[in-house]
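Me: Please walk me through this model. I want to learn how to read its features.

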Amino acid sequence: MMLSIEEIDLFKRELEKLRFEYSEMKGIGKNILLWEIEELNRIIYESMKDKKKTG
């Protein structure tokens, strides 16, 4: 999956919001939110890796 720079920036902003929400949450919601954060991190990482390969 290759994201544009704008999409990567959007994902990063969304991650910041999710991290704040995570610090405020308790219980099962916290586990779900953690999964979402990890998934967004993976998408960003994979996209950045693809961009480096393709130049």
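Reply: Start with Leu-33, which lies in helix α2. Helices here are DSSP runs (H or I, at least four residues; strands are E, at least two), numbered from the N terminus. The model is predicted: local features need pLDDT of at least 70, side-chain atom pairs count only at pLDDT 80 or more, and totals for chains, interfaces and linings use all residues. Residues are numbered from 1 along each chain as its sequence is written, and side-chain values use heavy atoms, with hydrogens and water left out.

Me: Why does Leu-33 count as buried?

Reply: Buried means under 20% relative accessible area, exposed over 50%, partly exposed in between (1.4 Å probe, protein chains only). Leu-33 has 5% relative accessibility, so it counts as buried.

Me: What does Leu-33 touch?

Reply: Contact means heavy atoms within 4.5 Å. Leaving out residues up to four places away in sequence, Leu-33 touches Leu-18, Glu-21, Tyr-22 and Met-25. With the same exclusion, Ile-37 touches Leu-15, Leu-18, Arg-19 and Tyr-22.

Me: Which residues make up the largest nonpolar core?

Reply: A nonpolar core is a set of buried Ala, Val, Leu, Ile, Met, Phe, Trp, Tyr and Cys residues joined through side-chain atoms within 4.5 Å. The largest one has nine residues: Leu-3, Ile-8, Leu-15, Leu-18, Leu-33, Ile-37, Leu-40, Ile-43 and Ile-44. α1 (5–24) and α2 (28–54) each supply at least two of its residues. The largest share, five residues, comes from α2.

Me: Is Ser-4 buried, partly exposed or exposed?

Reply: Ser-4 sits in the segment before α1. Ser-4 counts as partly exposed because its relative accessibility is 24%.
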